[in-house]
Structures are given as structure tokens and as C-alpha cells.
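Please open the model in your viewer and keep the sequence panel beside it.

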Amino acid sequence: ITIENVEAKQPYQGIVSVQGETIAEMLEVYFAQSEQLKTRIWLATDEHTAGGLMLQQLPEQDPEQHDENWTRINFLAETVTNEELLNLDAVSLLYRLFHEEMVRL
């Protein structure tokens with residue numbers, strides 16, 4: 001895997017095991033093993049466009065709510081469709097999925 005960060009001088013490269021049936025599942029395994037971050041990824045493509053959504057669990061001050069928040073956000077994100085990933089801009093997609101949450105973009 002190669003991760004490019006516009007603020008970094010060079011891209012980061014790492015090895016990802018081929019665990020999972022999709023590229024999204026393989027990337028989720030990478031983040032779980034290498035970064036130790038719970039991560040979910042949804043990807044969609046057609047003949048002209050590619051789109052995706054990535055969620056990562058970040059540290060919170062209240063560990064009791066940590067798992068509950070992660071479960072709730074994943075439940076909401078699971079409703080995303082390939083059509084939405086391919087056709088909605090980021091603001092519209094985030095509003096559609098998480099309009100009852102405090103979202104920062």
C-alpha cells in the first residue's frame with residue numbers, strides 16, 4: 001500500500017497481506033494491524049468514476065461512549081449506496097449519512 005500525504009515529502013509505503021475478498025477489506029486489515037485503528041472503508045466504481053468513504057475510530061475522552069459511538073456511526077454508514085458514493089459530493093454524502101451527528105469537514 002502507498003499512502004500519499006500532500007504535507008509529507010515522500011509517500012509512505014507498507015505491505016498489506018491479502019486478507020479479505022475486496023480491496024476495502026484488505027485496507028481495513030492493514031489499518032487494524034499496522035495503525036491499530038478501527039477502520040471501515042466503502043468503495044464503489046463504474047466505468048467513469050470511483051468513490052469511497054472511510055471511517056476511523058479516534059481516541060475519545062469518555063471510553064464508555066467510545067464503542068457505542070463507533071457502533072452507531074458504522075450503523076449509519078452501512079446505509080450508503082454505490083450510487084451515492086459515485087454521485088454525491090462530500091458535503092451532501094456526509095449530510096445524508098450523519099445529519100444528526102456533529103460532523104466536521
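A residue is called buried here when its relative accessible area is under 20%, and by that cut-off buried residues make up 27% of the 105 residues in the chain of this predicted model.

The C-alpha trace spans about 40 × 35 × 30 Å along its principal axes. If you count contacts with a separation of 6 or more, residues 24 or more positions apart account for 30% of them.

Next, select W42, L55, L85 and F98, which are the residues with the most contacts inside the largest nonpolar core, a set of 14 residues. Colouring by element will then show that β3 (39-45), β4, α2, α3 (82-87) and α4 each give two or more residues to this core, while α4 gives the most, with four. In soluble globular proteins, nonpolar side chains tend to be buried together. Stay for a moment on F98 and display its neighbours: leaving aside residues up to four places away in sequence, F98 touches L55, I73, L76, A77 and V103.

Now turn to the largest pocket, which holds about 780 Å³ of space. To find it, select Q56, L58, I73, M102 and R104, which lie nearest its centre among the 20 residues of the lining. The elements that give two or more residues to that lining are β4, α2 and α4 (90-98), and α2 gives the most, with five residues. Coloured by residue class, the lining of this pocket divides into twelve nonpolar, four polar and four charged residues.

For the last stop, select Q57, which sits in the loop between β4 (50-56) and α2 (63-77). Is Q57 buried or exposed? With a relative accessible area of 11%, Q57 falls under the 20% cut-off and is therefore buried. Show the residues around this side chain, and you will see that Q57 touches L37, K38, H66, D67 and W70, again not counting residues up to four places away in sequence.

Key: Residues numbered from 1 in each chain as written. Predicted model: local features only at pLDDT ≥ 70, side-chain atom pairs only at ≥ 80, totals over all residues. Heavy atoms only, no water. Buried < 20%, exposed > 50% of the residue type's maximum accessible area, 1.4 Å probe, protein only. Contact = heavy atoms within 4.5 Å. 1 Å grid on protein atoms, 1.4 Å probe; cavity = no way out; pocket = protein on both sides within 12 Å on 5 of 7 lines; lining within 4 Å. Points joined across faces, edges and corners; volume = space filled by probe spheres on them. Nonpolar A, V, L, I, M, F, W, Y, C, P; charged D, E, K, R; others polar. Core = buried A, V, L, I, M, F, W, Y, C linked by side-chain atoms within 4.5 Å.
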